[in-house]
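Let's take a friendly walk through this protein model. Keep the picture in view while you read, and look for each piece as it comes up.

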Amino acid sequence: MKAGTPDEEWREDCAPRRVLELFSTKWTSMVLHTLAVRHDGVARSNALHRSLPAISKKMLIQTLREMELAGTVLRTEHPTVPPSVEYSLTALGRQLVEPIELIYDWARRNADALDALKARPTSRRRG
């Protein structure tokens, strides 16, 4: 936003803050990226887990549930034996992939500068 924009655009629940809230968990952007790029928008949880080996199964399911509540993924249960669950990007989820990919592309191009940043005390980044 530019200086001088109306005050209501700076409120706590403004659109930019709501977008950032969608990514408040560590794994949301990675799940969106993986669903879109590696699985063409649809995958079962086990396939997603194999594509994201650093995430625990519990954290993946928690992230997917939050994404479902936010309206970025759709959860579909299939009546098979054993039961299977499939996750697919919603229209909103597909729209969010575009800015995520721009950020990922920027990060890849600037990896050296990002590597040179000092890690925060709470970071899990390896130094």
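On the face of helix H4 turned away from its buried side, you'll find the exposed residues Lys58, Arg65 and Leu69. Here, exposed means over 50% relative accessible area, buried means under 20%, and partly exposed is in between (1.4 Å probe, protein chains only). Helices (H or I, at least four residues) and strands (E, at least two) are DSSP runs, numbered from the N terminus.

A word on ground rules: this is a predicted model, where local features need pLDDT of at least 70, side-chain atom pairs count only at pLDDT 80 or more, and totals for chains, interfaces and linings use all residues. Residues are numbered from 1 along each chain as its sequence is written, and side-chain values use heavy atoms, with hydrogens and water left out.

Which residues of H4 are buried? They are Leu60, Ile61, Thr63, Leu64 and Met67. These residues sit on the same side of H4 because they cover an arc of only 160° around the axis, the arc being that of the directions from the helix axis to the C-beta atoms. There's a simple rule behind this sort of pattern: an α-helix has 3.6 residues a turn, so residues three or four places apart point the same way.

H4 itself covers residues 57–70, and its 14 residues reach 20 Å from first C-alpha to last, close to the 20 Å expected. That expected span is 1.5 Å times one less than the number of residues.

## What H4 packs against

The buried residues of H4 pack against helices H2 (28–37) and H3 (45–51), and against strands E2 (73–78) and E3 (84–89). Contact here means heavy atoms within 4.5 Å.

Two strands pair if DSSP finds at least two bridges between them; E1 and E3 have three, and Ala43 has Tyr87 in E3 as its bridge partner.

Ser84 is found in E3, and it counts as buried because its relative accessibility is 8%. Leaving aside neighbours within four places in sequence, Ser84 is in contact with Arg44, Thr76, Glu77 and His78.

Most residues other than glycine have a negative phi, and most peptide bonds are trans. Now look at Asp40, in the loop between H2 and E1: its phi is positive, near 55°. Asp40 counts as exposed, at 65% relative accessibility.

Pro82 lies in the loop between E2 and E3. A cis peptide bond joins Val81 and Pro82, with omega about -10°.
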